[in-house]
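Here is a short report on a protein model.

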Amino acid sequence: MRVDLELRSPWSNEIEDLRSRGLYRTMPEMCGLPGRIGVANGREILNFSSNNYLGLAGHPRVIQALAESAVRYGVGSTASRLIAGNSEAHRELEAFLARWKGTEAAVVFGSGYQANVGVLSALAGESDLIISDELNHASIIDGCRLSRAQVKVYPHLDLDRVDGLLRLSGFRRKLVVSESVFSMDGDRAPLKELDELCRRRGAMLMVDEAHATGIFGSQGRGWAEECGASPDIQMGTLGKAVGTCGAYVAGSRQLIELLINRARSLIYTTALSPAIMGAALAALEIIASEEGSRRRDR
């Protein structure tokens, strides 16, 4: 029996539309260790696209830590963190992150996307207000939507507009969220001023340090520290400059306890491999100790 092609492939029109508008994506086929020089689709290239800012994804010490952690803990975490996936490697990395960021506690997520979606949907609800920069990452936008809070988007870096929105009344809780270094434009948020505004108006400040982690601040702690801000919620990546994968959220102990109990992107997914946790810890130790390499790469 012949099956109609259109019935078997209901997405063909959408795919052709993407092609016709020049929006069709493909994944380059990369070979070898990540670095400045690579092989993509069979050709040697000079790589300007990678987030591996400090070259740690191929660092011998990080690779060795990955291998040693795999031998010690196995390859997979086997379950969600709340069931059977909270290994010694996860706990050791989180303890380091809290000390490094100068916070009471920290928790690791599977990715930066999962962290932002999980935090915003866990902390805000229908009676709350989220105030978000118009150039924030897609993960922040999606987290705002999932939270069901009322969301107000302000013009990029516009402190006056933030102040005006913070004056709105009738909300249980107000949360301002911004990237620190913006992923597409590369400019930096005025975090010190945002922090002062939030404190003055009784709001919380969440900062996404994905593109600043490992680059700015003492021991690579991020842009918030370098400009003297103290956000209530600090999210950062274990990819990008750290060279591995995953993400973290650092803050008060009660914040982390609430996320462990409410962040669905943490609760309902298999944890990152403990081997990756070992590699991330080694990379962070390198970042925290090698000021010279960060200065050169900046």
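## Overall dimensions

With 298 residues, a compact globule would have a radius of gyration near 19 Å; the protein has 21 Å, which agrees. That radius is taken over C-alpha atoms, and the globule rule is 2.2 Å times the number of residues to the power 0.38. Along the principal axes, the C-alpha atoms fill a box of roughly 60 × 55 × 40 Å.

This is a predicted model: local features need pLDDT of at least 70, side-chain atom pairs count only at pLDDT 80 or more, and totals for chains, interfaces and linings use all residues. Residues are numbered from 1 along each chain as its sequence is written, and side-chain values use heavy atoms, with hydrogens and water left out.

## Fold and surface

The protein has 13 helices and 10 strands. These are DSSP runs numbered from the N terminus: helices are H or I with at least four residues, strands E with at least two. Of the contacts with a separation of 6 or more, 66% link residues 24 or more positions apart. Contact means heavy atoms within 4.5 Å.

The accessible surface is about 15,800 Å² (Shrake-Rupley, 1.4 Å probe). Carbon and sulfur atoms hold 50% of that surface. Of the 298 residues, 47% count as buried, meaning under 20% relative accessible area.

## Nonpolar cores

The largest nonpolar core has 50 residues. A nonpolar core is a set of buried Ala, Val, Leu, Ile, Met, Phe, Trp, Tyr and Cys residues joined through side-chain atoms within 4.5 Å. L93, L97, W100, V176, L191 and L284 touch the most other members. Helix α12 (residues 274-289) gives this core its largest share, 10 residues.

Beyond four places in sequence, the contacts of W100 include Y248, L284, I287 and A288. Apart from this core lies another, of 25 residues, among them A105, F109, I140 and I256.

## Helix α7

Helix α7 spans residues 159-166, with V162, D163, L165 and L166 buried. They cover an arc of only 165° around the axis, which puts them on the same side of α7. The arc is that of the directions from the helix axis to the C-beta atoms. The buried residues pack against β5 (129-133), β6 (150-154), β7 (174-179) and α8 (191-201).

D158 caps the N-terminal end: a side-chain oxygen lies 3.2 Å from the backbone nitrogen of D160.

## S132 in strand β5

S132 sits in strand β5. This residue is buried, with a relative accessible area of 4%. Beyond four places in sequence, S132 is in contact with I140, C144, K152, V153, Y154 and V177. A polar contact of 2.8 Å joins the side chains of S132 and N136.

Key. Buried < 20%, exposed > 50% of the residue type's maximum accessible area, 1.4 Å probe, protein only. Polar contact = N/O pair within 3.5 Å; in protein donor to acceptor, adjacent residues only side chain to side chain.
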